[in-house]
Amino acid sequence: MKALRSYPGVLILMLIAVAMLVHGLVDYINYEAASPSILAAIGCLFSAVALVAVYEFKSFKANRRLVRAKSQTL
């Protein structure tokens, strides 16, 4: 697996998730009530994981095509 900075958009989603998580925790500490920011943070994390999965699947398909093309030429 590559570094997170090699996937466009994933690092931004992770930063947004961390900011929303901190915002939700501060709300919980100050007001003792659950904040929708926690759900937004979880949603951003799931989106980031899904985005990485899409990028990895695309690179897997491209690599498989290259291997097939090389094996047919040999």
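## Helix α1 and its glycine

Gly24 counts as buried at 1% relative accessibility, where buried means under 20% relative accessible area, exposed over 50% and partly exposed in between, with a 1.4 Å probe and protein chains only. The residue is found in helix α1, and helices here are DSSP runs of H or I with at least four residues, numbered from the N terminus. Gly24 and Leu13 are 11 residues apart in sequence and 16 Å apart in space, C-alpha to C-alpha.

This is a predicted model, in which local features need pLDDT of at least 70 and side-chain atom pairs count only at pLDDT 80 or more, while totals for chains, interfaces and linings use all residues. Residues are numbered from 1 along each chain as its sequence is written, and side-chain values use heavy atoms, with hydrogens and water left out.

## The aromatic pair

The structure holds 1 aromatic pair. The ring centres of Tyr7 and Tyr55 are 5.7 Å apart and their planes stand at 20 degrees, so the pair is stacked; rings of Phe, Tyr and Trp (its six-membered ring) pair if their centres lie within 6.5 Å, and planes under 30 degrees apart count as stacked, over 60 as edge-to-face and the rest as tilted. The pair links distant parts of the chain, with Tyr7 in the segment before α1 and Tyr55 in helix α2, 48 residues apart.

Tyr7 is buried, at a relative accessible area of 3%, whereas Tyr55 is partly exposed, at 27%.

## An exposed arginine

Arg65 lies in helix α2, which covers residues 36–73. With a relative accessible area of 57%, Arg65 is exposed.

Key
Helices (H or I, at least four residues) and strands (E, at least two) are DSSP runs, numbered from the N terminus.
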